[in-house]
Amino acid sequence: MEQIISYIQATVPGDKPDNIPNQDNIQVFENDAMFIASVSDGLGSSLFSDVGARLSSDCVIDIMKNESSDVDFNILSHKIIQQWQHLVEQNNGVIKDYRTANSFVSVFKKEKIILAGQLGDVMISLRIDGLFRRLETTQKEFSNETECLGSGKNEEYTFVKYEFGHSFDFFVATDGIGDEIDPLKLESFQNYLKNKFQDVSVENRNIELRSEIESTMKDKNNDDKSIVYTWTNKNERN
């Protein structure tokens with residue numbers, strides 16, 4: 001039976017002055033062959049990082065929807081970074097003003113392949129056929145510095161690729177959410193998301209997720225908070 005992919009997503013601005021925009025960005029793309037979830041976290045110290053975050057997801061979706069599952073990782077990393085820089089330059093921007101971290105997960109449905117890419121501290125946690133695979137985020141050299149697009153440090157994406165059989169679920173989340181979650185409770189967190197939201201009507205899922213983030217995830221930081229959570233099932237579409 002065909003595996004159906006469902007997902008929820010929400011982005012919540014942090015506690016900051018009204019003139020500072022939400023610097024996170026979420027984009028999801030799906031067709032018969034691919035499912036792609038991209039989450040970007042613009043650096044607060046960069047003037048136009050909200051635009052940089054959007055542009056990074058734009059180019060990830062644009063590139064990945066035309067890639068094969070056996071893509072060369074070095075070529076792919078270079079392609080994403082170069083296209084992002086080109087988009088910034090088309091926006092008449094200076095690269096350092098658009099710095100952003102980005103992570104994404106691409107599901108190649110027919111080949112049953114999952115490819116995840118990460119640059120910076122946007123967290124990815126995957127469960128594939130019941131086994132957890134967490135991508136470790138890059139440690140920040142200073143409290144406000146991380147590897148990112150536009151860092152000027154010859155940045156490169158880290159990639160992992162897995163085959164899947166009967167099921168998967170995963171989330172991609174900015175550190176506003178990632179820092180709120182105990183790493184030892186990731187499995188419980190994903191269990192909670194799936195068990196709760198698969199029973200919420202499709203039209204209300206994102207609204208309820210946003211409300212829950214606003215009411216429960218404030219203990220450790222005031223950052224913008226964004227997440228996409230994705231799971232397989234056999235009974236519904238997202």
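Biologist: How many of the 16 residues of α1 are buried?

Modeller: Twelve of them are buried, so α1 is largely enclosed by the rest of the structure. Please keep in mind that this is a predicted model. The buried set is S49, V51, G52, A53, L55, S56, S57, C59, V60, I61, I63 and M64.

Biologist: Which elements do the buried residues of α1 pack against?

Modeller: Their packing partners are β2, β3, α2, β4 and β5. As for length, the 16 residues of α1 reach 22 Å from the first C-alpha to the last, close to the 22 Å expected at 1.5 Å a residue.

Biologist: Let's turn to α2. How many Å should its 18 residues span, and how far apart are its end C-alpha atoms?

Modeller: Helix α2 runs over residues 73-90, and at 1.5 Å a residue it should span 26 Å; the end C-alpha atoms are 26 Å apart, which agrees.

Biologist: And which residues of α2 are buried?

Modeller: Start with the general idea. An α-helix has 3.6 residues a turn, so residues three or four places apart point the same way. Now the case here: L76, S77, I80, I81, W84 and V88 are buried in α2. These residues cover an arc of only 125° around the axis, which puts them on the same side of α2.

Biologist: What covers that buried side, and which exposed residues sit on the face turned away from it?

Modeller: The cover over the buried residues includes α1 (49-64), β4 (100-108), β5 (113-119) and β8 (158-163). On the face turned away, you will find the exposed residues N74, I75 and Q90.

Biologist: Which residue caps the N-terminal end of α2?

Modeller: That is D72, with a side-chain oxygen 3.0 Å from the backbone nitrogen of N74. Beyond the other end, just after α2, look at N92, which takes a positive phi of about 60°.

Biologist: How many disulfides does the count give?

Modeller: The test is whether two cysteine sulfur atoms lie within 2.5 Å of each other. By that rule the count is zero. C59 is in no disulfide, and its nearest cysteine sulfur, that of C148, is 14 Å away. C148 is likewise in no disulfide, with the sulfur of C59 as its nearest, 14 Å away.

Biologist: Are those two cysteines buried or exposed?

Modeller: Buried means under 20% relative accessible area. C59 has 0% relative accessibility, so it counts as buried, and C148, at 1%, counts as buried too.

Biologist: One last residue. Where is D169, and is it buried or exposed?

Modeller: D169 lies in strand β9, residues 168-173. With a relative accessible area of 5%, D169 is buried.

Biologist: Which side chains make polar contacts with the side chain of D169?

Modeller: One is the side chain of Q190, joined to D169 by a polar contact of 2.8 Å. Another is the side chain of Y229, also in polar contact with D169, at 2.8 Å. Leaving aside neighbours within four places in sequence, D169 is in contact with S125, L126, R127, Q190, Y229, T230 and W231.

Notes
Residues numbered from 1 in each chain as written. Predicted model: local features only at pLDDT ≥ 70, side-chain atom pairs only at ≥ 80, totals over all residues. Heavy atoms only, no water. Helix = DSSP H or I, 4+ residues; strand = E, 2+ residues; numbered from the N terminus. Buried < 20%, exposed > 50% of the residue type's maximum accessible area, 1.4 Å probe, protein only. Polar contact = N/O pair within 3.5 Å; in protein donor to acceptor, adjacent residues only side chain to side chain. Contact = heavy atoms within 4.5 Å. Expected span 1.5 Å × (residues − 1). Arc of directions from axis to C-beta.
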